[in-house]
Every structure is written in C-alpha cells, then in structure tokens.
Amino acid sequence: MPTARAWREYPQRYRYEAAVCKKCGKWHFPPRLVCDACKGEEFETRVMRRTGTVVVSTVVRVPPAQFKDQAPYAMAIVRMDDGPSITTQIVDWQEAQLKTGAKVKLEFRRISDDGEAGTINYGYKAVPV
Amino acid sequence: MRDVAIIGVGLTKCGELWEQSLRDLYVEAALKAIKNAGIDHIDSMYVGCMSSGLFVGQEHLGALMADYLGQAPVAATRVESACASGGAALRMGYLDVASGASDIVLVGGVEKMTDVSGDAATYALATASDQEWEAFGGITFPGLYALMAMAHMERYKTTSRQLAAVAVKNHANGAKNPAAQFPAIITVDDVLNSVMVADPLHILDCSPISDGAAAVILCPADQAKTLCQHLPVKIVGSGMATDTIALHSRKDLTSLDAVTKAAAAAYRQASKVPSDIQVCEVHDCFTIAEIMVSEALGFFEKGKGGNAVETGATAIGGKIPINTSGGLKAKGHPVGATGVAQAVEIVEQLRGGAGARQVAKARIGMTQNMGGTGASAVVHILEAM
C-alpha cells in the first residue's frame with residue numbers, strides 16, 4: 001500500500017478514531033464528511049471502544065495473494081459496542097467463538113505485507129474475550 | 001421520455017478465449033448486434049466494463065471500441081458500476097434514446113479476465129468492495145457472499161443443499177446454451193463435495209472467471225417495427241439504486257435493498273407486478289445471490305427463496321424460470337458483459353428464439369444485474385411489442 005495512503009488511515013487502524021455526528025450523535029468508523037443518518041457535516045473525533053459482538057462470520061479458505069500465509073482464517077462482521085460495524089479477521093479462536101453473539105476485542109496486529117520491498121501493513125484483528 | 005426498443009442482439013461465447021483480445025471480443029459482439037438489427041449506422045455507443053485497467057492495462061474504452069468497430073467519430077463512453085457495469089450501460093443507452101438525444105444506440109459490455117493470473121483477477125474483482133475497510137483485512141468476494149449466506153441460513157434456515165440447487169439448475173440450463181462456458185450437468189452432491197472457498201460456499205457455488213462480450217441495439221419504439229427484422233422488444237421499465245459500499249454497514253445482511261428499490265422503480269414505470277414476469281435473468285455471482293435476489297424482486301417471500309429453487313419453482317417450466325441462459329454460474333461471468341448478456345437472453349426468449357431453453361409463450365421478461373455485494377443494482381423489464 002502506498003505510504004501516504006497507509007498513513008492517512010493510521011488514526012483508525014492504530015487508534016480507533018471515529019467521527020461522532022454533532023447533530024444526531026451517530027458514530028462513524030471510518031469517519032465520513034457527511035452523516036448518512038442526518039446529513040450533518042460537523043463531527044467530534046472520539047476514540048471507539050475496542051469491544052464488540054460477532055454479527056456473522058466465515059472461514060476464508062481461498063485467500064487473496066497477500067494473505068496466503070495466513071489461510072485458512074476467520075473473517076467476521078463485528079458490531080462495535082459504540083455502534084459502527086466493521087469487517088475484520090478473528091484470530092486465536094475456537095469454533096464456538098465464531099458464532100453470532102460472541103464477544104470480541106480488537107487488537108493491534110500485522111495484517112499483510114506488500115512483498116520484499118513493500119510496506120508491512122498493520123491494523124486491527126479481533127480476538128475472542 | 002420516448003419509448004425505447006431493443007432491435008438487435010449479439011453475444012460472444014463465454015470462456016477462456018485466449019485467441020481473442022478485449023477489443024476483438026467487443027467488436028465481435030457489436031458486429032453481431034448491428035447485423036442482427038440490420039442497421040447501417042449508430043448515433044452513439046456505451047461500453048460497460050468493470051476493470052479493463054486492471055485486467056489488461058487498458059482504459060479509454062469508448063474511443064478504442066468506436067475506432068475498432070469502424071464507428072468513430074460517434075459519441076462513445078465507458079460505463080462502470082463494478083459487476084453491474086453492463087446493466088448500467090444499458091440504462092445509459094436507454095436514457096440516451098428515451099431523452100431524444102440519440103436515435104440508434106449500441107450498448108455493449110465486455111470483460112477480458114483471463115490474461116492475468118487468478119490472484120490478479122481476484123484482486124481486480126475485490127476492488128468492487130470497499131478496498132480500505134473490507135478488502136484490507138483479507139475478506140474476498142466469495143467471503144462477503146459467504147457472510148450473507150451465513151446470515152440467511154441462520155435467520156431462514158436456508159440450507160447448503162438449497163444453495164447447491166441453484167448451481168444444479170443453472171448448469172442444467174447452461175447445458176442447453178451454446179454460448180455457455182460450463183455447459184456441464186452437475187448434481188447437488190457435486191457441489192457439496194467440491195472445495196470449500198469460504199464457508200458455506202463451495203467452488204461450485206461460485207461463478208467462474210470469464211472472457212466475453214455482449215451487445216444490443218436500441219432505437220425509439222416507434223421506429224422499431226420499420227427498422228427491425230425481428231420481433232422488437234420494448235424496455236418498459238428501467239430502475240437503478242445503490243446501497244452502502246460495505247456489507248457491514250447494511251442494516252440487514254439478508255436483504256438486498258438496492259435490488260428491491262431498483263425493481264420497485266422498474267415495476268412502477270412498467271405498471272407491472274412480480275407475477276407478470278415470465279422469465280428472468282438474475283445476478284447469480286454466487287448461489288446465495290440468486291436466492292436473495294429472487295426474494296428482493298418479489299418473486300418469493302423473504303426466506304422462501306431457497307425452498308423455491310429446491311422445489312423447481314425457478315426451473316424452466318416452473319412458476320418463474322430464472323437464469324434460462326445458465327446464469328453467471330454456467331454461462332460465465334465476463335463481469336462488464338454480464339448485464340448486457342442478460343438482456344440478450346431475455347430478448348431471445350421474448351422473440352421465441354431460445355431453442356432448447358425456450359420458456360413457452362414468454363412475452364414479459366426481466367434482467368437484474370448488481371455490483372459488489374449489491375451496492376449497485378440495475379433492473380430492466382422487457383416486453384415483446
């Protein structure tokens with residue numbers, strides 16, 4: 001991933017910074033410039049709690065090229081306790097912990113790398129709690 | 001707005017077509033459509049294509065295709081809405097004629113996917129999802145549809161056998177289609193015993209990577225009968241809608257709201273209801289997609305789509321035959337061509353020229369094309385004139 005592009009996303013990938021709409025209070029992760037609930041354009045930056053609940057999950061067995069060394073791995077849609085939903089890998093899991101309703105917490109992990117001369121991409125993955 | 005008719009159709013074979021380039025495919029389909037319509041010129045042209053830049057390193061398809069079709073200097077541009085590029089191009093062509101801006105419009109769709117490795121193709125397709133907030137973490141397209149399937153199975157008790165029944169039906173139809181990439185008869189057990197890609201989707205729940213192109217010729221409906229050597233088919237409804245790009249932002253993972261909204265617009269314009277539709281081509285990029293779409297279009301109650309396919313309601317001869325062409329699953333899925341190829345199949349059906357896969361006395365048909373996980377949806381209703 002180009003350095004500037006990766007850098008722009010550090011506030012979310014490293015620090016869980018969300019944009020909370022000043023008009024209606026909806027949490028946006030990642031931040032948006034327009035609130036999709038009320039069209040508000042003013043936001044307050046707040047750090048999202050790292051805890052959430054599995055909405056649904058799958059196990060990816062045929063991965064994209066840069067994830068070959070990790071497959072098979074679990075992916076889930078997780079609804080964060082502050083409201084936003086995200087798509088994330090779940091790691092360090094037992095079968096039952098992938099089920100809908102399972103509690104997870106986001107941790108800072110290595111996500112992928114862009115090859116020998118490329119950048120290593122870091123971000124969050126979910127672990128069962 | 002003027003009424004618009006389809007007066008010509010053209011299709012290449014779908015498959016790994018190593019001898020044909022991106023432009024060869026487009027020109028073959030376009031020439032077939034022009035000859036099928038029997039016209040001597042076009043006024044403008046639209047090219048539906050998802051990702052020629054990533055697949056063959058070529059953009060600027062409007063000019064390229066007009067040039068190689070020998071039609072420069074006509075107005076020509078590319079339309080992109082991921083896997084709905086073809087359907088979106090058809091809608092642009094429809095609006096061009098309906099508005100009165102152009103009389104005879106060529107709408108083509110094309111994708112050349114097999115010049116790159118499977119990894120590169122997977123990457124290109126993943127750009128239809130949210131690159132930064134979905135694909136970054138390692139989710140694939142089969143993975144996203146797997147999440148939808150999991151949600152549908154959990155809420156409605158949809159089964160893997162019902163998913164497999166979609167593939168079985170579509171391959172049975174595709175076996176009757178000379179243009180199909182995989183005209184092989186398969187069984188439910190074949191699907192269930194095939195390699196798991198992302199639970200619960202097996203490789204035989206997924207549509208293939210394909211090369212191919214399709215084209216149609218549009219004109220004002222009041223000129224169709226004089227221009228056309230075949231039974232003209234009128235576009236009586238055209239709808240398009242969008243939804244959140246990321247699947248995780250949807251309120252309900254078991255619904256395809258953009259499909260429902262695009263269909264509602266098309267039904268309203270056409271003054272039709274779901275029970276009026278006699279044959280339908282839907283976007284079965286994965287088996288679960290066909291089940292969810294058949295519900296979103298109003299053919300079946302929510303949660304009943306799996307049972308419908310298992311009991312034969314969507315087979316040729318059933319209540320509403322779906323994907324008589326073989327669908328994306330068996331006919332093939334050259335992404336940008338798909339939305340146009342669907343219209344070609346419905347026109348063939350309404351003309352009565354679909355051969356062994358003909359739906360008896362079909363006069364009203366529908367096409368449904370979508371991009372990403374349903375973030376773009378295009379629906380057209382066609383009626384024999």
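**Salt bridges and their surroundings**

Analyst: A:Glu9 has a relative accessible area of 4%, so this residue is buried (under 20% is buried, over 50% exposed, anything in between partly exposed; 1.4 Å probe, protein chains only). The model is predicted: local features need pLDDT of at least 70, side-chain atom pairs count only at pLDDT 80 or more, and totals for chains, interfaces and linings use all residues. Residues are numbered from 1 along each chain as its sequence is written, chains are lettered from A and ligands numbered from 1 in the order written, and side-chain values use heavy atoms, without hydrogens or water.

The partner of A:Glu9 is A:Arg13, and their closest N and O atoms are 2.6 Å apart in a salt bridge (a side-chain nitrogen of Lys or Arg within 4 Å of a carboxyl oxygen of Asp or Glu). A:Arg13 is buried too, with a relative accessible area of 4%.

A second pair in chain A is A:Asp82 with A:Arg49, where the closest N and O atoms are 3.0 Å apart. A:Asp82 counts as buried at 16% relative accessibility, whereas A:Arg49 counts as partly exposed at 46%.

Chain A also holds a network of salt bridges that links A:Lys26, A:Arg32 and A:Asp36.

Which residue of chain B meets A:Arg5 in a salt bridge? B:Glu132 does, with a distance of 3.0 Å from N to O between the side chains. B:Glu132 lies in the loop between helix 5 (118–126) and helix 6 (141–156) of chain B, and A:Arg5 lies in helix 1 (residues 3–8) of chain A, so this pair joins two chains. Both partners are partly exposed: B:Glu132 has 23% relative accessibility and A:Arg5 has 26%.

Over all chains, the count comes to 23 salt bridges. Those described here include the pair A:Glu9 and A:Arg13, the pair A:Asp82 and A:Arg49, and the pair B:Glu132 and A:Arg5.

Definitions and conventions
Helix = DSSP H or I, 4+ residues; strand = E, 2+ residues; numbered from the N terminus.
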